[in-house]
Amino acid sequence: MDFVINNIWQILLGIYYVLALFAVITILLKKVNPSKALSYIIILLVFPFFGLIVYYLFGQEYRKTKIFNRKNILNQSVVKKIQQELELDTEKINKVDDVLDEKSKLIPLLYNSEKSHLTINNNVKLIKNGDEKFKLLFSDLKAAQHHIHLEYFIIKDDIIGSELFHVLCDKATEGVKVRVIIDDVGSSVSSKMKRKLKECGVEMFSFMPVLFSNSTGKMNYRDHRKIIVIDGKIGYVGGINISDDYVNANNKNRYWRDTHIRVSGEAVKPLQILFFTTWDFASDVDDLKISKDYFPKHNCEGNIPIQIAASGPDTEWSNIMAAIFVAITNAEDYIYVTTPYFIPNAEIITALQVAARCNKKVKIIVPKKSDSWIAQYATNSYLELLLEAGVEVYRYTKGFIHAKTIVIDGVFSSVGTANMDYRSFNINFEVNALIYNKKFSEELRTFFIDDLKDCEKLDIESWKNRAKRTKIVEATARLMAPLL
């Protein structure tokens, strides 16, 4: 016993490294991304005890496992029929091909990956910032007659959140079916508000609660989507969560710049299917049956082609990352990217570098000051690589830019929830709307040009001369990038 007491630290350290060795072997056998694997291995070996905790909480891999099984929804007859109805005939596809040229390669990519159909008859409204979004949203919610579905990473019961919950309670009391999914890590709703919602008839469930031992791995896989479906006719998707942070009229701390879209038409149907797959997983409903009432016939006369791209641990491929990669590599004139977190993989970095070196105009907007210091340093560590290749990098100075948008050649646009980082590409549940329309792309390009007025352009020489201490912190943050 005296030996144990006198050598307790060495014994614990020995036990730790035995466990760490088993963890390293597990990581290697999983054949995960080399950068991510190396990051976990370094943390396990360099930071005793802390490294194992990090791996226990964040290192579990659920992709392609039964925990995220979607078959209960996708196999239902109503959903199968809807997907069949979304199939386009050859004539319609050829018309889209004529407009898009090389950009049309995205359509079969996403269809072959996840049966993501291209929808034609849609109207889209581009929304700038939360103030505009919530004004439109509350009007649509109050007019709902059959159902309201919300799936959000962040919902808080602050000023704007409480206003939303009051509207949902009123509609539920009127007999409208209201379902809400909140991410358990991102959202913050008081017990009092949850009780009120339940009393009103609002059904709300948390996505992957992270209590005690059940939190292993679940902390890592979050529902980062922002989806609203109203009566199966109107859909919302984009970067704006439900919190006062996103409403400049309520946010006294800093200006928040974000982008969202309101969709009506056929594209609402795949959003509805996505919601139901998450609801089936998150709720305690044992036998969810979906009726055709959730997929009503629309009278939309618009002709904006939209493809809803979803990715997450429940998909076989990193669909959104693949779509962005193909879009960048097929650009002919320009690529304009706005992202709050730029922590990309090697494929995206190479695609942007090659595009710039081939004389494409590549411009990227990132925040000058992020809401996460480690994400900011990690982002900064990648900027020199882009600048050296001729990419123009702009840092937003007016406040925090949270928009996740891409516009290419005035033809292709992407608005959604996915950041340009490891987490969005491989870990979180994300959804982007890919829009193939010149008018919409021009409007989004105008947003980008306007945002440049509130940015500082990085100069490569000045950027290279930043302090060595800063570069060391950036390099350390970059090492952690696959884990962020």
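1. Helices (H or I, at least four residues) and strands (E, at least two) are DSSP runs, numbered from the N terminus. This is a predicted model, in which local features need pLDDT of at least 70 and side-chain atom pairs count only at pLDDT 80 or more, while totals for chains, interfaces and linings use all residues. Residues are numbered from 1 along each chain as its sequence is written, and side-chain values use heavy atoms, with hydrogens and water left out.

2. Phe134 and Phe138 both belong to helix α9 (residues 129–142), where they are four residues apart, about one turn of the helix. Rings of Phe, Tyr and Trp (its six-membered ring) pair if their centres lie within 6.5 Å, and planes under 30 degrees apart count as stacked, over 60 as edge-to-face and the rest as tilted. The structure holds 15 aromatic pairs. In one of them, the ring centres of Phe134 and Phe138 are 6.1 Å apart and the planes stand at 35 degrees, so this pair is tilted.

3. The rings of Phe412 and Tyr436 have centres 5.7 Å apart and planes at 50 degrees, so this pair is tilted. It links distant parts of the chain, with Phe412 in strand β17 (residues 412–416) and Tyr436 in strand β19 (residues 430–436), 24 residues apart.

4. Phe205, Phe275, Phe276, Trp279 and Tyr294 are linked into a cluster by ring pairs.

5. A charge sits over a ring if NZ of Lys or CZ of Arg is within 6 Å of the ring centre and within 35 degrees of the ring normal. The charged end of Lys128 sits over the ring of Phe447, 5.2 Å from its centre, and Arg478 lies over the face of Tyr382, at 4.3 Å from the ring centre.
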